[in-house]
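Please examine the structure below together with its sequence.

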Amino acid sequence: MKSKKVRMIGYLAMIIGISLPIYTFTNLVVNDYRQKSMYEEFKSLQEKMSEEEKSQLENSIKKYNNNVKSSNIVDPFSNEEYNTVYEFKKDDPDGIFAYIRIPAINLYKPIRLDASYKHLDKGVAHIDGTALPTGGMGNRSVIAGHRGWYKDVMFLNISKLKKGDKVYIERAGKTLTYVVSNTEIIKPYEWEKLEAEKDRDILTLLTCDPAIPPSPYRMLVNCERLVESTQEQVKEKDEVNKDVKNVSILVYSITGGLWIVFIFTVYKFIKFLIKRK
């Protein structure tokens, strides 16, 4: 009798023990799949915008960018109460503004306005006090993202980006192409590093550093706008970083293995309960 109780406790312990990593890895796989389908949905919705809606939005964007003050920048990772209201987005504060696509690290992420805890939990977000990610000489847009999250890799792999890698911002049926120029490590209060520069169109990706907490520093991946013809964009093929590709394969393999072990353990446990009766 005692032996049966021990076996039952053992099965339950195994099922509970496997459940947590299964939840984590399954979330990573599901989000990897969903981010591509969500990206296609976003493009479809953007194409349905009327010319009047596009015109109103563009005017609001210009107004915002003209009033940008870098002195207003607040570190979203050290302030859980971080919250900003964008006047032209107040009727849809959680809506997706644009998409960021980085082929080298296989990343497709929605960009929301306001780098709040809520928005950073869902993807990446624009930091108030910097230009909106719409391009333009003299503008610098900063997009923040977690280095990794319990259900998504987020900006985990941006340290693998190298000079020359492409970063695409897609919005309103247009694609802006940026090229990685350099990476910097700064302290959370060194916001002068994020000031706009005359005659340059800059996109900066911001995340915590190092990847494993505590993360007292911030990593900046600076990218500069590249104006290409449509023909050039079609001809060029962006390669996924080999390390990122290998990690993705590993995650899928581990997830499959965990599910096999979990199902087999549950099967054995059910058989044990039936025999016990």
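The following questions and answers concern a predicted model.

Q: How many helices and strands are there in the protein, and in what order do the elements run?
A: The elements, read from the N terminus on, run α-α-β-β-α-β-β-β-β-β-β-α-α. The protein therefore holds five helices and eight strands.

Q: What percentage of the 277 residues in the protein is buried?
A: A residue counts as buried when its relative accessible area is under 20%. In the protein, which has 277 residues, the buried share is 43%.

Q: Among contacts between residues at least 6 apart in sequence, what percentage joins residues at least 24 apart?
A: A contact requires heavy atoms within 4.5 Å. Among contacts in the protein between residues at least 6 apart in sequence, the share that joins residues at least 24 apart is 69%.

Q: What distance does helix α2 reach from its first C-alpha to its last?
A: Helix α2 covers residues 51–66, which is 16 residues. At 1.5 Å a residue, a span of 22 Å is expected. The reach in the model is close to that value, at 23 Å.

Q: Which residues of α2 are buried, and where do they lie around the helix axis?
A: The buried residues of α2 are I61, Y64 and N65. Seen down the axis, these buried residues fall within an arc of 90°, so they line one face of the helix. On the other side of α2, the exposed residues are E51, E52, K62, K63 and N66. The buried set, on its one face, is thus I61, Y64 and N65.

Q: Which strands do the buried residues of α2 pack against?
A: The residues concerned are I61, Y64 and N65, which are the buried residues of α2. Their packing partners are the strands β1 (96–102), β3 (124–126) and β5 (166–171).

Q: Are the planes of the aromatic pair Y64 and Y86 stacked or edge-to-face?
A: A search of the whole structure finds four aromatic pairs. In the pair of Y64 and Y86, the centres are 5.5 Å apart and the planes are at 25°. Planes under 30 degrees apart count as stacked, so this pair is stacked.

Q: Which parts of the protein does the pair of Y64 and Y86 tie together?
A: Both residues are buried, Y64 at 15% relative accessible area and Y86 at 5%. Together with F88, they form one aromatic cluster. Because the two residues are 22 apart in sequence, the pair ties together helix α2 and the loop between α2 and β1.

Q: Is W259 buried or partly exposed?
A: W259 and F262 both lie in helix α5 (residues 242–276), three residues apart, about one turn of the helix. F262 has a relative accessibility of 19% and is therefore buried. W259, at 35%, counts as partly exposed.

Q: How many disulfides does a search of the whole structure find?
A: A disulfide is a covalent bond between the sulfur atoms of two cysteines. Among the cysteines, C208 is buried at 13% relative accessible area, and C223 is buried at 1%. The number of disulfides found in the whole structure is zero.

Methods: Residues numbered from 1 in each chain as written. Predicted model: local features only at pLDDT ≥ 70, side-chain atom pairs only at ≥ 80, totals over all residues. Heavy atoms only, no water. Disulfide = S-S within 2.5 Å. Buried < 20%, exposed > 50% of the residue type's maximum accessible area, 1.4 Å probe, protein only. Helix = DSSP H or I, 4+ residues; strand = E, 2+ residues; numbered from the N terminus. Expected span 1.5 Å × (residues − 1). Arc of directions from axis to C-beta. Phe/Tyr/Trp six-rings, centres within 6.5 Å; stacked < 30°, edge-to-face > 60°.
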